[in-house]
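Subject: Handing over a structure

Hi there,

Here is the structure I promised to pass on to you. Please have a look at it first, and then read my notes on what turned up.

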Amino acid sequence: MAGTVEKKLAEMGISLPEPKAPVANYVPFVRTGNFMLVSGQICFDAEGKLVAKGRLGGEVSVEDGRKAARACAINLLAQVKMALGDLDKMVRVVRLGGFINSAPTFLDGPKVMNGASDLMVEVFGDKGRHARTTVGVASLPLDAAVEVEGLFEVA
């Protein structure tokens, strides 16, 4: 039976994808005490295709970057669901870290990351408000436009 958070996601038209397995020597998440750190998730859609590929400030628009960041956030939630079995066990979103595949002069990384941040607030309300870091980078795996990692307080 779906919990409150999953019902909210369904109302928003979001179904969580099957979490992607790591492609290198790391684990998808680590839980210590009441905190869970989820490894960076790139912007795969439900079919396993990149939502946006390439550089912001180049071939990728800010709006497409926002959509990519939102997809990353959905993938973070899929990992949390896999780890906890129930998203209602998430107490709050503590921090998101965003990596934006950026042209050297691109300065709107925070606008791109709002795609992930806005989703967390939309889903969790005040419990979704979080600290955040946004960093422009020269490249990301598979030439993804965005990657986002998350730190969550869990029950």
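The lining of the second largest pocket is made up of six nonpolar, three polar and two charged residues (Ala, Val, Leu, Ile, Met, Phe, Trp, Tyr, Cys and Pro count as nonpolar, Asp, Glu, Lys and Arg as charged, and the others, Gly among them, as polar). Among these lining residues are Gly13, Ile14, Phe44, Asp45 and Ile74. The volume of this second largest pocket is about 160 Å³. A pocket here is an open set of points on a 1 Å grid over the protein atoms alone, where a 1.4 Å probe fits, with protein on both sides within 12 Å along at least five of seven lines; lining residues have an atom within 4 Å of a point. The volume is the space filled by probe spheres set on the points, which are joined across faces, edges and corners.

Before going on, please note that this is a predicted model, in which local features need pLDDT of at least 70 and side-chain atom pairs count only at pLDDT 80 or more, while totals for chains, interfaces and linings use all residues. Residues are numbered from 1 along each chain as its sequence is written, and side-chain values use heavy atoms, with hydrogens and water left out.

The largest pocket holds about 290 Å³ of space. Its lining has 15 residues, and Val23, Tyr26, Gly40, Ile42 and Phe44 lie nearest the centre. By class, nine of the lining residues are nonpolar, four polar and two charged. (Helices, H or I of at least four residues, and strands, E of at least two, are DSSP runs numbered from the N terminus.)

Now to the helices. The axes of α2 (residues 62-84) and α3 (residues 109-124) come within 7 Å and cross at roughly 45 degrees. Axes are lines fitted to C-alpha atoms, for helices over the stretch in contact, and angles run from 0 to 180 degrees between N-to-C directions. The two helices α2 and α3 are therefore oblique to each other (under 35 degrees counts as roughly parallel, over 145 as roughly antiparallel, 65 to 115 as roughly perpendicular and the rest as oblique). Residues in contact (heavy atoms within 4.5 Å) include Ala69 and Ala73 of α2 and Gly115 and Leu119 of α3. That contact of α2 with α3 has 12 nonpolar, three polar and five charged residues.

Best wishes
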